[in-house]
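Have a look at the protein shown here. Let us walk through it together, from the overall fold down to single side chains.

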Amino acid sequence: MAYSRAGEGVPRTVDHAVIGGVVAVVVFAMLCLLIILGRYFARHKGTYFTHEAKGADDAADADTAIINAEGGHSNSEEKKEYYI
């Protein structure tokens with residue numbers, strides 16, 4: 001008997017179990033990836049650090065807070081920059 005060409009008398013069967021298995025593996029992999037990413041982002045949210053002067057909470061206004069700052073940001077000791 002000679003080889004038959006596609007579509008000539010031989011009905012093609014689709015194995016639904018293989019397709020279902022592949023879809024199930026893909027869905028399971030996506031679900032695991034989503035859980036792992038969710039846990040990662042929940043643990044590494046990040047924190048915004050402000051570098052404000054310590055002791056500035058007690059100051060009456062912003063100028064007093066800068067003068068009494070402990071952070072080393074006093075402008076009197078730093079070299080001034082001039083832009084031309």
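Predicted model: local features only at pLDDT ≥ 70, side-chain atom pairs only at ≥ 80, totals over all residues.

Residues are numbered from 1 along each chain as its sequence is written, and side-chain values use heavy atoms, leaving out hydrogens and water.

The protein has two helices and zero strands; helices (H or I, at least four residues) and strands (E, at least two) are DSSP runs numbered from the N terminus. Of its 84 residues, 1% count as buried, where buried means under 20% relative accessible area, exposed over 50%, and partly exposed in between (1.4 Å probe, protein chains only). The protein exposes about 8800 Å², and carbon and sulfur atoms supply 61% of that area.

An unreviewed UniProt entry lists residues 17–37 as "transmembrane region", though such annotations may be inferred rather than shown by experiment. In the model, this span is 100% helix and 0% strand, with its end C-alpha atoms 30 Å apart.

Val18, Val22, Val26, Met30, Leu33, Leu37, Tyr40 and Phe41 make a nonpolar surface patch of about 790 Å². One of these residues, Met30, lies in helix α1 (residues 16–43).

| Residue | Relative accessible area | Class |
|---|---|---|
| Met30 | 54% | exposed |
| Tyr40 | 46% | partly exposed |
| Phe41 | 52% | exposed |

How many aromatic pairs does the structure hold? There is one: the ring centres of Tyr40 and Phe41 lie 5.5 Å apart with planes at 65°, so the pair is edge-to-face. Rings pair if their centres lie within 6.5 Å; planes under 30 degrees apart count as stacked, over 60 as edge-to-face and the rest as tilted.

Definitions and conventions: Patch = residues over 30% accessible without salt bridge, like charges linked within 9 Å, V, L, I, M, F, W, Y side chains within 5 Å. Areas by Shrake-Rupley, 256 points an atom, 1.4 Å probe, with all protein chains shown as cover. Salt bridge = Lys/Arg side-chain N within 4 Å of Asp/Glu carboxyl O. Phe/Tyr/Trp six-rings, centres within 6.5 Å; stacked < 30°, edge-to-face > 60°.
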